[in-house]
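Thank you all for making the time this morning. I would like to walk through one protein model with you, going from confidence to charges and then to backbone details.

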Amino acid sequence: MARIKKGDQVIVIAGKDKGKVGRVLEVRPTQDRVIVEGVQRVTKHTKVGQSAQGARTGGIETVEAPIHVSNVMIYDAKAKGKRTRVGFRVEEGTRPNGAARTVRVRYAKKSGEDL
């Protein structure tokens, strides 16, 4: 189970954007990278071309580049807005048909809140 998932709010702990907070837009597990909203923005030169909705304008646009997963941590609002590690807790439950099942639940280690 992944420690950081799409939609999580994370804080950057290393690099040029250290201290910035943003939401995870995409996770690339094979590359160990995540794309965070508003972090690691780079300029990209685009050529004028055609798209499904008509002609696309060219020029310079800014996009979010991937950042390594080791450079971000979960942002814990309950722990006075600090970063936190992610832990896993095993819980016993039942399926709708009555069968038993075990579930791994992610939780913030500082505040103890489920993620």
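Let me begin with a definition, since I will keep naming elements: helices (H or I, at least four residues) and strands (E, at least two) are DSSP runs, and they are numbered from the N terminus. The model is a predicted one, in which local features need pLDDT of at least 70, side-chain atom pairs count only at pLDDT 80 or more, and totals for chains, interfaces and linings use all residues. Residues are numbered from 1 along each chain as its sequence is written, and side-chain values use heavy atoms, with hydrogens and water left out.

On confidence, then: pLDDT is the predictor's confidence in each residue, on a scale from 0 to 100, and its mean over the protein is 88, with 93% of the residues reaching 70 or more. Among the elements, the lowest mean pLDDT, 63, belongs to strand β6, residues 54-56, while the highest, 96, belongs to strand β3, residues 33-36.

Now to the charges. In general, side chains of opposite charge can pair when their charged atoms come close. Counting as a salt bridge a side-chain nitrogen of Lys or Arg within 4 Å of a carboxyl oxygen of Asp or Glu, a search of the whole structure finds 6 of them.

One of these joins Asp8 to Arg106, with the closest N and O atoms 2.9 Å apart. This pair links distant parts of the chain, since Asp8 sits in the segment before β1 (9-12) and Arg106 in strand β12 (residues 100-108), 98 residues apart. Both Asp8 and Arg106 are buried, where buried means under 20% relative accessible area, exposed over 50%, and partly exposed in between, with a 1.4 Å probe and protein chains only.

Another salt bridge brings together the side chains of Glu64 and Arg41, at 2.7 Å from N to O, and here too distant parts of the chain are linked, with Glu64 in strand β7 and Arg41 in strand β4 (residues 41-46), 23 residues apart. Glu64 counts as partly exposed because its relative accessibility is 22%, and Arg41 is likewise partly exposed, at 38%.

What is the separation of the closest N and O atoms in the salt bridge between Arg89 and Glu91? For Arg89 and Glu91 the value is 3.3 Å, and salt bridges that share partners join Arg89, Glu91 and Asp114 into one network.

Strand β7, residues 59-64, also holds Ile60, which counts as exposed because its relative accessibility is 59%. Ile60 and His45 are 15 residues apart in sequence, yet 4.6 Å apart in space, C-alpha to C-alpha.

Lys80, in the loop between β9 (72-76) and β10 (82-84), is exposed, because its relative accessible area is 77%.

I will finish with the backbone. Which phi value does Asp32 have? Phi of Asp32 is near 60°, a positive value in a residue other than glycine; Asp32 lies in the loop between β2 (21-28) and β3, and it is partly exposed, at 41% relative accessibility. Gln40, found in the loop between β3 and β4, has a phi near 60° as well, again a positive value in a residue other than glycine, and with a relative accessibility of 23% Gln40 counts as partly exposed.
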